[in-house]
Amino acid sequence: MELTRSIFSEKYSVTVTDLETYLNEALSRGGDYADLYFEYRINHAIVLEEQIIKSATKGVNLGVGVRVISGEKTGYAHSDDLNRDNIIKAARTAAFIANASTHGGKVQVPTPLNPGRNLYSIPVFPAELEIAQKIRLLRDADLAARAYDPRITQVQASYVDETKHVLIVTSDGKASWDLQPMVRMNVMCIAEEGGKRQSGYQGGGGRRALEVFTGDLDPKALAQESARQAILQLAAVDAPAGPMEVVLGPGWPGILLHEAIGHGLEADFNRKKTSAFAGLVGQKVASELCTVVDDGTIPFRRGSLNVDDEGNPTNQTVLIEKGILQGYLQDRLSAKLMKSDLTGNGRRQSYDHIPLPRMTNTFMMAGESDPEDIIRSVKKGLYAVQFGGGQVDITSGKFVFSASEAYLIEDGHITAPVKGATLIGDGPTVLRQVTAVGNDLKLDQGIGICGKDGQTIPVSVGLPTIKIREITVGGTEK
Amino acid sequence: MPDLQASAQHVIDHARKAGATTADVMIREDNSFSVTVRMGEVETLKEAISRSLMLRVFVGKRTATSHTSDLNDKMVEQLVDETVEMAKLTSEDESGGLPDEAVRRDGFADLQLLDPSWDDLTPAERIDLAVQTEAAALSTDKAITNSEGSSFEYTRSKTALANTRGFNGAYEGTGGALFCVPIAQSKDGMQRDHWMSAARHRKQMESPQEIGKKAAARALRRLGARKVPTGEVAVVFDPLSARSLLGHVFEAVSGSAIYRRSSFLIDQIGASVAADNITIVDDALMPAGLGSSPFDDEGVPTRVTPIIENGVLRNYLHSAYTARKLSGRPTGNGSRAASGVVTIGPTNFYLKAGQYTPDEIISSIKKGLYVVELIGFGVNTVTGDYSRGAVGIWIEDGKFVHPVQEVTIAGNLREMLKNIEMVGNDVTFLGSIAAPTLKVTNMVISGE
């Protein structure tokens, strides 16, 4: 096998024989399958606050996770270094799960599996660049936010980059490696006026070079948007309470899809029949205006991967087509037990975590309506364009997502900005209430973080402008 | 833990050689085991030793931090050199520096953090704890038809901290936890809920039977949940959901939110910010407390800090940095994030028990919602604005009537704290932050 392109062979002299030894050890007690996940991750973070560079941080994570599967059981252990004895020890620990006396599954010679594409081919990784260049971005953001309005009293700007090398080797003979860049900038502002204080936030990035911070994601643009939100909120009125018609703006409000249906369609919950979506494939779960996909193959996106964290190529997976539920997001274990095809959605936070079925970039396809017509068609409702986080109870199907920038719609016109409010709905039925889909699909600017079972991973979402007939808005104004 | 302390000292010595004016380093080693059992079978078993090193250096008044999971000497020395170089590129910050309190000390109070008897449990016995817990839930009622599983987790961790002022200390602690997440089903659909117990000592943990039964009862009582009309009523938070309110108070009194002016509690020391039955403390010295430790992540001796006394705000929580920024003193709440950056963390941050039983509180309500779970992130600690998804039980004339879901509760934390009319006697410790049952006189429920 040509492992030469992988840092693990170049820098740490891991050989094919080593890999076979570890896998054989992992299957020594009778497991059906084993895999190794080597990870070497470097990250940098810089924070500007009170107009000075407060901190610079570097992080190094190096280790190997060993997984053994025996039927529905998973054994897992990891080593915090690439020391041979420690990896063998981890393999033996993971093997404990199989708990059989006989020698287990056969290890096939790993052969390279390469999807033959690079979704994040960039000339220079941000991690390689001088810190001074990154500091300049933060200073630009700070100046722009303060210049936006004298009521901006605090600005916190942060920059993070990450370079992640992975090598994934399986006992059924697949070896994949990848080099995954990531960069992100955030700007948070506090605005104060007459004893009132409000905050604004904007961020962006992706699997990109430092040049990503131009155009919409220029530090000045990020800062001005953050400042605009904080100033706007100073004049916000109480949000309404009760069910009402809601228009969601394009882009980040796609978090609706992530919470309302995405998590509920992760295969593990459906295999165990703990999801409100279990058994609904082939049934109508949305209005026929809705087609929803999870696509891990969009170049340079935050949720994209050449191969997932189990070494399988990512895909475009249609979750809902014209309102009909098509299928689930699979990892290896669930796909095998459900006798389903792999979708390339096995992901993990790092080498010390077990892979799980997870989303990548999840969005709704554009429709045909003019966004302005959609707003004009609403007599009384809410127009929500920016959101904080969301959460879902996949068993009951109830989900929330919290608007951070929203306006009242009165007689077809956008009027007063309202304070932040949580919207709550039911996953398997909310998309049936979609009565219009705009022609303006937009993906978010590269800020999504998704949590499940204590593991966080980068994701992306997207949405065109949509209208929902009725959803409960959790304000205070009855 | 002479090995970890020696490694920490080596890092400090190297940092000085590399040009650091001052530095501190924390090394943590976690020996952890976890098992998840579902429908009687082991689903996952995980065991590992994890190490992490977190370094902070100062070059004059400039600082940088780093962290690594790779503790190989050569690797660490290279990282120390890079960290010193990085620090030279940051800005001078007058408030920076090691805490004055973190100096050489002999001996620390024994806070009973360690119970070595956990180690006597064989892997089979550990698995059995989870099996028994789930079995107890599944056998409670035939409506418990499924399970997200039960798990047992155990960690024995060592922490060593050293700095250039001669501080070099270490402590070791254990912690076990048992979780149970059963699913109940009826014609109206599925409902899940959970119960757990967490303790540093084996004998403090609830039995598998108790945990399983409680979890099952919690899931069962949610069957048939529905929306309620939008309106303004009394809201009772059970100890689990009340705990999240305390979490918001913790964020609002942390020194970093105060100097950033991003808290609804700024400029209010000495002012009445809550009902006069409210007393909140941060107590790092609680024997065997889940959040107890002899010194914080900067080497500052820990203590008991009154936060709110009978409704009056007394103190903010500080690291060395926020204390200097706000002319206070470090409170022993310096906490290192995984990145190595020092932030503010709670120790045992809790609202002291009141006089009422949960039943007395529920009986006092004519019309209201008893909240058992809150979801979402609709809390703005800058303004105090609060709006979250809630699951609970509807109360009428002092009695539970039916379960409720798909509603939100909204208000403002400032008013919610002032409107806590009754405080329960049932403080429940499941982590660093704890609370008893709390009754808030009125909030807006949004539903139908």
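This is a predicted model: local features need pLDDT of at least 70, side-chain atom pairs count only at pLDDT 80 or more; totals for chains, interfaces and linings use all residues.

Reply: In helix α2 (residues 16-26) of chain A, the buried residues are Asp18(A), Leu19(A), Tyr22(A), Leu23(A), Glu25(A) and Ala26(A). Buried denotes 20 or more other C-beta atoms, placed from the backbone, within 10 Å of the residue's own; helices (H or I, at least four residues) and strands (E, at least two) are DSSP runs, numbered from the N terminus. Residues are numbered from 1 along each chain as its sequence is written, while chains are lettered from A and ligands numbered from 1 in the order in which they are written.

Me: Why do the buried residues of α2(A) line one face of the helix?

Reply: An α-helix has 3.6 residues a turn, so residues three or four places apart point the same way. Seen down the axis of α2(A), the buried residues fall within an arc of 160° (taken over the directions from the helix axis to the C-beta atoms), so they line one face. Their cover includes β1 (33-49), β2, α3 (84-95) and β5 (152-170) of chain A.

Me: How many residues does each chain bring to the contact?

Reply: Contact requires C-beta atoms, placed from the backbone, within 7 Å. Chain A gives 64 residues and chain B gives 64 residues. On the side of chain A, strand β2 (residues 52-70) supplies the largest share, 12 residues.

Me: How confident is the predictor in the complex?

Reply: The complex receives an ipTM of 0.93 and a pTM of 0.95.

Notes:
Two residues are in contact if their C-beta atoms, placed from the backbone, lie within 7 Å. A residue is buried if 20 or more other C-beta atoms lie within 10 Å of its own, exposed if 12 or fewer, and partly exposed in between; C-beta atoms are placed from the backbone.
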